[in-house]
Each structure stands twice: as C-alpha cells, then as structure tokens.
Amino acid sequence: MAEKAQQLQAFIWEGKDRKGNKTKGEISGTNLALVKAQLRKQGIIADKVKKKSKPLFGGSKKITPFDIAMLTRQMATMMKAGVPLVQSFDIVADGLENKGLQELVISIRNDVSAGTSFAGSLKKHPRHFDDLYCNLVDSGEKAGALEQMLDRIATYLEKTETLKKKVKKAMTYPIAVVVVAIVVTAILLVKVVPQFESLFQGFGAELPVFTQMVVQLSEWLQSWWFVVLLGIAGTIFLFREGKRRSQKFSDLVDKYLLKMPIMGEILDKSAVAKFGRVLATTFASGVPLVDALESVAGATGNAVYRDAILKIKTEVSSGTQLQAAMRQVNVFPVMAVQLTAIGEESGNLDEMLAKVADHYESVVDDMVDNLTALMEPMIMAVLGVLVGGLIVAMYLPIFQMGAVVG
C-alpha cells in the first residue's frame, strides 16, 4: 500500500465528455496507461494526457495533521448539507491553497468516482490516513452514516491535535530557555571575555579565582567550540536514532518522561485525555470495545499507557469490566476510573469517556498556561544570573584594583 501511494503521480488531460463537450483536468495515477483507463471509466475520451511538470523551486507545502482535520471537517459539513460525496471533493479541492493537499483530495476523488470505496481510497495514502481513520470511515460507509462518522472523526482530530500542540508548547518552552541561555553565554565567552583578558594582562597582578575560571573557560571554548557543537549535534542525533530504532530505548524514555517534574504530569494527563477521546470516538462509532482498545493503545503517545491498555484489552476480552481492568493496571487517575464505572453502569460509556477527555484536556490546558506564566520570569532569572555572573567576573579585578589604589 505504502509503495503504491509513493508512486502516484499527477497527470494533466484534455478530451471530451460523454456529451462531446471539450473538457480538461488533473488526475493522479501510477502510470499513463492506468490513468487513460481510469478516464475511460469516467466516460472521458482523452485526446492528450501528460505528466504534470513539477515547479523548479519549492513545491507543495507539507500536509500536516491539522490539514487532515480541516479537510475532514469540510467533508462532514458538505455531506451534512446533502452534497454528494464526489461533488464534495470537487468543492473542497477548489478552495484549498495547499497544492499538496489539493492533489491528495483530487486523487481520492478520482478513486471514489472510479468505483473504489471511500475507505479503500484513503488506505492508498497511509502517510496521511492511519488505520484508525480508515476503519472508522469504513464502518461509517457500511452503516450508511458517513456524514455523522466524518463529523465524529473531525471532532476527534481537532481535539487531539489541539492537545498535541499544547503539550508541544509546554515541552519546547524549557528547551528554548536552555538554548537561549547557552547561546548568550557562548557569545559572551567567545567575543566579550577575550577583550577583558587582553586588558587584564597589563595589570601585572593575580586575578581573582572566579575571574580566572571564566577566562580559562573562555580560552577552552575558543579552542574547542567545534568539538562542543559536534558533541551536542551528535548527542541529539544519537538520541533520535536510538528512539526510532530501539523500541526498548524508546519505552525507557517514555517511562522517565512521566517522572519528570511538571512536564511528567502534563504528559500523564494528556495520555489520559487521548485515551478517553479515542475510546469515546471508536466506541460511539459501533466498534466493539476490545477492538477499540487495540486502536487506543497506539494513540496515547506513551509506552507506559500503551502497555497498560493492552493489559486492559486482555482483561476485558476475558470478561472483566473496563473500570475494574483500569483499576488493576494502576496507571489511570481515580476520577477517570470512576467516570468510566458510571458510564458502564448507566450504559453511557461513550459519553462518560468523552467527559474524561474533556476534563483532562482542560487540566492540560491550565497546566500549560501556568507553566508558560512561570517560565517567563525564569528566563529572565536564568539569563540574569549567567550574564550578571560573567559581568561580575570581568569587573572584579577592576574593583580590586580600585580598592588598592584608594
């Protein structure tokens, strides 16, 4: 599937429709012969078909998860308004500015108009539509409630992407503080301290210990700055590769991330929110609970919760209640377990799980806002200590000299 999706190319065609009217357009396919066959199925006699030339500079913008959420929302709105599926694709594609997303929509539209199911068309683009998305669309098509299903999927994507954005913001803020602090300190050590060092050489007196330390650090950084840069870049590269290639290392990182102060709690609550949102969406869509838990396990974004949910799935499949299984794994907060129990007893599990998601999304939102407010004075404090410390180190010999003269 992935290989086929990667080989899709855009073709421009000109020809006549069933009524003999001249028409032209754009279509996606793997090769020229298949494209011509696809056009014939649509009742178009093509006079000219050629590959669409790619721009010399730049190209299509990257398709983001937010783009997919927006596309799903637009399709749901069109279908709720009674617009047929193929026509909905045409209207949505015309309004898109992102050429890459437009080509994706046209490709899906052509597949659907050629007789492929909507879910089948989406499965040809696994980079943009995961198994959960395709399975939900498939169940919506089979149940004859595609517009309601697209609305549910759009809500789920909007909520989860907003949550991801907030968590990302919370994680990038401390990193930004550290990076700014390192850059400012490095500039002062490499550019400013050497100017004072040449001045100190004319004093003929022994420098204070603190000043000597700063001068030595400056000299070392001037000689070995490239090694430091390579070391930082190498560490980041090895960490990313280790996380990507080794499942054990990735799981270990996830485990320790949850133990971090402040950040760990944000990640923990966001995983619970994702659990509630995905399970509520899949269960409300008619997916059996055991199958829904399989989808949820990979969607929480953390190995600790993934393993816990897989254990819950095993317990539920053997007849245990969901809330009892959640209690056994000892990972979920008490409130999440209690709301799930109420949902199971009342027969409104999907509604209660949605409430779990809403509550913990709100908690994450508040925590990120508090962290942002806390980080602003911390940035000033960290930079003040670093810059102030270097300035004090440079002016100590001058103050001592002034005291001796006085």
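L39 counts as buried, at 1% relative accessibility, where buried means under 20% relative accessible area, exposed means over 50%, and partly exposed lies in between (1.4 Å probe, protein chains only). That residue is a handy way into this predicted model, in which local features need pLDDT of at least 70, side-chain atom pairs count only at pLDDT 80 or more, and totals for chains, interfaces and linings use all residues. Residues are numbered from 1 along each chain as its sequence is written, and side-chain values use heavy atoms, with hydrogens and water left out.

**Around L39**

- L39 sits in helix α2, which covers residues 32-41; helices (H or I, at least four residues) and strands (E, at least two) are DSSP runs numbered from the N terminus.
- Not counting residues up to four places away in sequence, L39 touches W13, I27, I44, A46 and V49, with contact meaning heavy atoms within 4.5 Å.

**Overall build**

- The protein has 16 helices and three strands.
- Its radius of gyration is 29 Å, well over the 22 Å that the globule rule gives for 406 residues, so the protein is more spread out than a compact globule. The radius is taken over C-alpha atoms, and the rule is 2.2 Å times the number of residues to the power 0.38.
- Taken along the principal axes, the C-alpha atoms fill a box of roughly 100 × 60 × 35 Å.
- Among contacts with a separation of 6 or more, 61% are between residues 24 or more positions apart.

**Surface and charge**

- Of the 406 residues, 38% count as buried.
- The protein exposes about 23100 Å², and carbon and sulfur atoms supply 59% of that area; accessible areas come from the Shrake-Rupley method with a 1.4 Å probe, and for residues only the protein chains shown count as cover.
- There are 47 positive and 41 negative charges, and their mean positions are 8 Å apart. Lys and Arg count as positive and Asp and Glu as negative, while His and the chain ends are not counted; each charge is placed at NZ of Lys, CZ of Arg, CG of Asp or CD of Glu.

**Nonpolar cores**

- In soluble globular proteins, nonpolar side chains tend to be buried together.
- Here the largest nonpolar core has 77 residues, and F118 and F332 have the most contacts inside it. A nonpolar core is a set of buried Ala, Val, Leu, Ile, Met, Phe, Trp, Tyr and Cys residues joined through side-chain atoms within 4.5 Å.
- Beyond its neighbours within four places in sequence, F332 is in contact with V272, F275, Y305, I309, I312, M326 and V337.
- Apart from this core lies another, of eleven residues, including L188, F196, F200 and A393.

- T72 belongs to helix α3 (residues 65-80) and is buried, at 1% relative accessibility.
- Leaving out residues up to four places away in sequence, T72 touches Y133, L150, I153, A154 and L157.
- T72 and R152 are 80 residues apart in sequence, yet 9.5 Å apart from C-alpha to C-alpha.
- T300 is in the loop between α12 (289-297) and α13 (303-317), and is buried with a relative accessible area of 2%.
- Setting aside its neighbours within four places in sequence, T300 contacts A271, K274, F275, Y305, R306 and I309.

**Positive phi in loops**

- Most residues other than glycine have a negative phi.
- I262 has a positive phi, near 65°; this residue lies in the loop between α10 (247-257) and α11 (263-284) and is partly exposed, at 43% relative accessible area.
- N330 also has a positive phi, near 60°. N330 is in the loop between α14 (322-329) and α15 (334-346), and its relative accessible area of 68% makes it exposed.
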